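Student: Hey, I've just opened this one and I'm new to it. Can you walk me through it?

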Amino acid sequence: MRRTRTTGAIALAATAALTLAACSSDDGGSGDGGDEGITIGIKFDQPGLGFMEGDTPSGFDVEVAKYVAGELGYSEDQITWMESPSAQRETLLSTGQVDMIFATYSITDERREQVSFAGPYFVAGQDLLVAADNTDITGPDTLDGKNLCSVTGSTSAERIKEEYSEGVNLLEQPGYAECVTALVAGTVDAVTTDDIILAGLGAQPANAGKVKVVGNTFSEEKYGVGLPKDSDQCEAIDEAITKMIDEGAWQEALDTATEGTGYVPNADLNSPPEFEPCDM
Amino acid sequence: MAEYLDIIREYDVLGAFWVNIQLAFWAAIFSLVLGTLLALLRISPVGSLRWAGSAYVTVFRNTPLTIIMVFMVLGAWGQLQLTLSSDFNVNFFWLAVVALTVYHAAFVCEAIRSGVNTVPVGQAEAARSIGLSFLPAARMIILPQAFRGAVAPLGNVLIALIKNTTVAAAASVATETSSVMKTMIEFRPDYIYAIFFTFAIGYVILVTPVGVLTTSLSRRLAVAR
């Protein structure tokens with residue numbers, strides 16, 4: 001009896017493992033898909049950049065991803081979109097679950113240890129989102145005594161803590177939706193992260209007209225295309241991005257994503273963004 | 001390895017665990033008090049009090065802790081201006097303790113009630129027959145025996161509470177473990193597996209003694225019947 005039970009448990013565990021394995025190869029797409037499709041990681045919760053409504057992704061990241069995939073020879077229906085939250089991006093790439101990532105992915109040296117980058121296709125900067133009628137917050141130096149909201153564990157929150165936290169009350173929330181809720185409710189005076197993400201949040205119908213981006217950036221975030229370590233596609237992707245900018249499709253996608261917010265990206269850094277060397 | 005130890009020191013991983021231990025400590029004390037009161041309500045002879053007790057348990061046992069945490073920040077603090085400390089960050093620590101308390105009190109209540117069920121009805125009848133009313137009978141006869149029978153389930157609640165302190169990240173307690181882990185993964189993805197295992201092992205070290213202790217206590221304290 002004892003043995004039967006153990007065997008049963010092993011069988012159950014094996015079945016569970018097989019089921020899980022089956023799941024991951026389905027999601028991966030790279031396994032049986034081969035050259036027939038491509039899996040691209042995006043954010044699902046950043047309106048204006050990477051946003052999923054039903055099965056339809058929208059946003060600037062998505063438009064650039066579609067264009068680049070097109071140049072690499074994949075039509076739109078060959079793309080499988082996969083959510084890639086910040087904390088999982090390196091793992092998704094190194095385990096081959098996604099082929100490339102367009103998800104407000106700033107190029108840093110620590111990340112280069114794990115993954116490779118093409119691009120950047122955009123250079124964002126940390127900025128502040130405030131109520132539309134706010135005039136006393138004009139930049140990071142005017143935050144003394146104010147309540148500021150950012151996302152737990154984000155680069156933006158850490159920069160505020162290290163460089164400005166003396167006089168700032170920092171509220172850390174799990175997501176930007178909570179931060180914007182608190183901003184619209186008046187509990188916090190400002191929300192901080194990359195300017196283009198703020199513009200996307202401000203362009204949402206629920207917030208339109210209530211908030212504005214200050215437009216005084218205090219960092220440089222180079223949004224790269226995340227690739228598996230030592231990928232050979234970096235140069236081809238850089239060419240595709242160059243072509244997209246030259247054709248005007250890049251500007252068009254940017255304008256659509258941030259329509260109605262009056263947001264203007266940092267022109268010095270984005271005309272066009274300067275590529276990082278591919279062999280790093 | 002040496003570099004990784006530097007990273008652990010830089011991000012104050014031990015300090016993060018200390019924050020979670022403090023959260024668990026205060027929430028454990030308050031939820032034990034509140035849970036005992038709720039258990040008294042649930043075994044009281046007055047129908048409306050029993051109803052109030054079971055209504056509380058039903059509501060809070062079935063509400064996700066994350067939602068209570070988010071409510072404490074966006075609702076209780078954000079809209080109702082509830083402030084528990086004049087220090088901006090300490091305020092969130094106590095809001096998180098309140099959320100952990102109201103949630104786990106429901107489970108403490110049920111653990112104690114399960115302990116009450118181990119006390120034979122004859123004990124309550126004997127207490128009544130010597131002229132004790134409900135509260136003295138509960139205090140002197142029923143609860144002391146009930147707690148001894150409830151050690152193991154209370155230990156399980158405590159273990160759940162320790163692990164649930166990580167949900168305080170949702171209440172802007174940014175110095176606790178899951179927030180620090182998020183920050184570390186954001187900035188040092190080159191050590192992602194080491195970071196993950198550090199925190200996983202940290203919780204095993206933290207929680208295992210509680211399990212061992214309550215199991216042995218529950219054996220030693222059980223009332224032989």
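This is a predicted model: local features need pLDDT of at least 70, side-chain atom pairs count only at pLDDT 80 or more; totals for chains, interfaces and linings use all residues.

Student: OK, how many residues of chain A are in contact with chain B?

Tutor: 27 residues of chain A are in contact with 23 residues of chain B, contact being heavy atoms within 4.5 Å.

Student: And what area is buried between them?

Tutor: About 2,200 Å², with carbon and sulfur atoms giving 60%. Buried area is the accessible area (1.4 Å probe) that two parts lose on being put together, summed over both.

Student: How many salt bridges are there across that interface?

Tutor: The rule finds 1: a side-chain nitrogen of Lys or Arg within 4 Å of a carboxyl oxygen of Asp or Glu. The partners are R111(A) and E186(B), at 3.0 Å, N to O. R111(A) lies in helix α5 of chain A and E186(B) in helix α9 (residues 177-187) of chain B, so the pair joins two chains. Helices here are DSSP runs (H or I, at least four residues), as are strands (E, at least two), numbered from the N terminus.

Student: Are R111(A) and E186(B) buried or exposed?

Tutor: Both are buried, meaning under 20% relative accessible area, while exposed is over 50% and partly exposed is in between (1.4 Å probe, protein chains only).

Student: What does E276(A) pair with?

Tutor: One partner is R112(A), at 3.1 Å, N to O. That pair links distant parts of the chain, 164 residues apart. E276(A) also meets K222(A) in a salt bridge, again 3.1 Å, N to O. K222(A) sits in strand β13 (residues 221-228) of chain A, 54 residues from E276(A). K222(A) is partly exposed, with a relative accessible area of 27%.

Student: Switching topic, what does UniProt list for residues 17-214 of chain B?

Tutor: The unreviewed entry has "domain: ABC transmembrane type-1" there; such annotations may be inferred rather than shown by experiment. In the model, that span is 79% helix and 0% strand.

Key:
Residues are numbered from 1 along each chain as its sequence is written. Chains are lettered from A and ligands numbered from 1 in the order in which they are written. Side-chain values use heavy atoms; hydrogens and water are left out.
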